[in-house]
Amino acid sequence: LKNKSLILNSNRINKLVFIGSFKIALSKHGSYVYRYKLIKELLKYSNLFELYGFGWNTTPLPFDIVGIAFIIKFKWLRKIAKFFMKSFFSPLGNFPIADSKYNTLCKYNFSLAIEPTISNFNSICEKIFDPMLVGTIPIYFGQKLNYIPKDTYIRVNKNTSAKDIIYIIKNLSEDKKKEYRKNIYNFLISKEADRYRYSNFANKIVDAI
């Protein structure tokens, strides 16, 4: 309720933003490979996309492979693994670090919201909510959302290209963006959103104990 004017504010940069560090996981349930390829392509549209985060100037090792702790322990193994990974996931460059996630998000019309995993558990993280809390429209890649209204975010999937997303950013009308923000605000103050609040999870834990 206190953030109403911020959420509904339409004085924003008409760009897509992503805030996140460079990580890689190779599991078929992970989104990291798709995320890397998508961001690599989006960087070609520097007039409509901005990236913030650590580590994009070096290739990380996949954190989900068997024996990763063993590989990291030995320098020569780490070098071999890095050399191999670099041929598939080359560094993308140096990018600024957001001093505040929310203060950065609120400047933009759109934000990439990508779940780290997509699985039968259908769990969701904070990815879709962080942009909503400041009125930035989430462009969401992730789980099936049963309780979040479809008119509060823009869904993408593995077949969605950077070009498709850029087309949305360039062509979505100001009235439509205002409508999205109004829908976001109405959802956030609704009883439907209660299931995602900290208090709800805290009560579940207390009840379980």
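Analyst: Contact here means heavy atoms within 4.5 Å. Leu-112 touches Leu-16, Val-17, Phe-18, Leu-38, Ile-39, Leu-42, Phe-49, Ile-139 and Ile-165, leaving aside residues up to four places away in sequence. The model is predicted: local features need pLDDT of at least 70 and side-chain atom pairs count only at pLDDT 80 or more, while totals for chains, interfaces and linings use all residues. Residues are numbered from 1 along each chain as its sequence is written, and side-chain values use heavy atoms, with hydrogens and water left out.

A nonpolar core is a set of buried Ala, Val, Leu, Ile, Met, Phe, Trp, Tyr and Cys residues joined through side-chain atoms within 4.5 Å. Buried means under 20% relative accessible area, exposed over 50%, and partly exposed in between (1.4 Å probe, protein chains only). The largest such core has 35 residues, and Leu-16 and Leu-112 have the most contacts inside it. Among the elements that each supply at least two of its residues are β1, α3, α4 and β3; helices (H or I, at least four residues) and strands (E, at least two) are DSSP runs, numbered from the N terminus. The largest share, 5 residues, comes from α2.

Now to α4, residues 75-86. Its buried residues are Leu-77, Ala-81 and Met-85. Seen down the axis of α4, they fall within an arc of 65° (taken from the directions from the helix axis to the C-beta atoms), so they line one face of the helix. Their cover includes α3. The face turned away from the buried side carries exposed residues, including Lys-75, Trp-76 and Phe-83.
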